[in-house]
Amino acid sequence: MSMTSNRPLILAVDDEASNLQLLRQILQDHYRLLFAKDGARALELANKEKPDLILLDVMMPGMNGYEVCAALKANPLTAPIPVIFVTALSDTADELEGFEAGAVDYITKPVSPPVVRARVRTHLSLVRMEELKASRLAIVQRLGLAAEYKDNETGLHVIRMSHFAQILGLAAGMTEQEADDLLHAAPMHDVGKIGIPDRILQKAGPLDPEEWKVMQSHATIGAEIIGEHGDGMLQLAHQIALTHHEKYDGSGYPNGLAGEAIPLTGRIVAIADVFDALTSVRPYKRAWSEEEAVDYLVQQKGKHFDPALVDLFVAQLPAIRTVRVRWAEAPVEAPVAVAA
């Protein structure tokens with residue numbers, strides 16, 4: 001594969017050939033280019049070739065640029081492609097109409113080559129950042145799934161407990177972005193089980209003291225696998241893997257943290273993880289009812305769990321039930337009213 005074939009692909013749309021030729025001169029040294037002289041052809045090329053970015057004129061015969069942009073955004077296959085209007089229309093109202101149609105930027109004619117190159121470069125960088133973010137998230141999720149292949153738990157458990165954690169995080173005052181990061185980091189909570197021998201992880205009977213000590217090491221193994229990060233979702237995943245087995249009274253592991261010395265994310269995931277484990281069927285246990293599981297959470301307030309977070313979790317039971325129904329592995333029992 002040649003180096004040029006790896007260059008971003010840009011679709012330029014304008015009914016004037018001279019304008020397309022100018023854009024060719026400005027961009028051809030760094031990008032692959034496609035050209036269309038009307039809206040219908042632009043939509044056809046966008047759907048077929050999936051360009052990385054579209055430069056779109058507004059005033060064209062037939063479909064104008066606003067209509068083309070709206071059609072692009074209405075199609076799931078082309079909606080993610082950033083659109084920059086390149087037009088002689090420069091009034092604020094024109095720009096507003098362009099942004100409302102779904103454009104990400106507005107370049108006025110006559111175009112300045114440095115401005116065109118800078119705007120194109122900026123928006124392609126944003127696209128690349130989103131692609132990298134999506135790829136990183138996919139890798140994190142797949143690594144979380146890898147741990148499940150060694151355990152009796154299922155992918156649906158991870159989905160449910162992650163959504164429970166997000167719901168509880170929002171109730172505890174997290175921003176939407178923080179709770180979203182928690183949703184995506186929580187699947188990594190037990191990734192350290194990859195490092196636990198099968199003879200221990202899949203043992204049918206109770207573990208002896210030495211085996212239990214090995215099992216407990218999955219928290220530190222998980223933190224080591226994820227690694228140290230300055231901030232962001234991977235830092236949350238590291239924090240959760242290390243602390244979700246700590247207990248509010250200090251009797252948990254691996255570090256015997258107590259109270260609010262346990263990070264909020266660890267305290268949240270502890271509740272979400274245990275609640276779903278209790279209400280799910282396992283080879284070694286029946287599924288507890290919602291009432292039984294909530295009673296256990298309440299009994300463990302101040303012992304295993306943060307009392308305030310337990311109360312918040314119980315208050316969110318309608319949302320919790322919705323997640324359980326959506327991601328159920330078996331029919332979920334009728335809701336039971338529970339007093340906190």
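Is Tyr 106 buried or exposed? I looked this up before anything else. Tyr 106 is buried, with a relative accessible area of 6%; I count as buried anything under 20% relative accessible area, as exposed anything over 50%, and as partly exposed what falls in between (1.4 Å probe, protein chains only).

Notes on the source. The model is predicted, so I hold local features to pLDDT of at least 70 and side-chain atom pairs to pLDDT 80 or more, while totals for chains, interfaces and linings use all residues. Residues are numbered from 1 along each chain as its sequence is written, and side-chain values use heavy atoms, with hydrogens and water left out.

Aromatic pairs. I searched the whole structure and found nine. Rings of Phe, Tyr and Trp (its six-membered ring) pair if their centres lie within 6.5 Å; planes under 30 degrees apart are stacked, over 60 edge-to-face, the rest tilted. Tyr 66 and Phe 85 pair edge-to-face, at 5.4 Å centre to centre and 75° between the planes. Tyr 66 belongs to helix α3 (residues 65-74) and Phe 85 to strand β4 (residues 83-87), so this pair ties together parts 19 residues apart in sequence. Helices (H or I, at least four residues) and strands (E, at least two) are DSSP runs, numbered from the N terminus. I noted Tyr 66 and Phe 85 as both buried. Phe 99 and Tyr 106 form a tilted pair, 6.4 Å centre to centre with 55° between the planes. Phe 99 is partly exposed, at 38% relative accessible area. Tyr 66, Phe 85, Phe 99 and Tyr 106 make up one aromatic cluster.

Nonpolar cores. A core here is a set of buried Ala, Val, Leu, Ile, Met, Phe, Trp, Tyr and Cys residues joined through side-chain atoms within 4.5 Å. The largest has 40 residues, and Ile 271, Phe 275 and Phe 313 have the most contacts inside it. Elements that give two or more residues to this core include α5 (113-148), α12 (264-278) and α15 (317-326). Helix α12 gives the most, eight residues. I then listed contacts (heavy atoms within 4.5 Å) of Phe 275. Leaving aside neighbours within four places in sequence, Phe 275 touches, among others, Phe 164, Val 294, Phe 313, Ile 320 and Arg 324. A second, separate core has 22 residues, including Leu 34 and Met 60.

Helix α15. Leu 317, Ile 320, Arg 321, Val 323 and Arg 324 are buried. They cover an arc of only 160° around the axis, which puts them on the same side of α15; the arc is that of the directions from the helix axis to the C-beta atoms. The face turned away from the buried side carries the exposed residues Pro 318, Thr 322, Val 325 and Arg 326.
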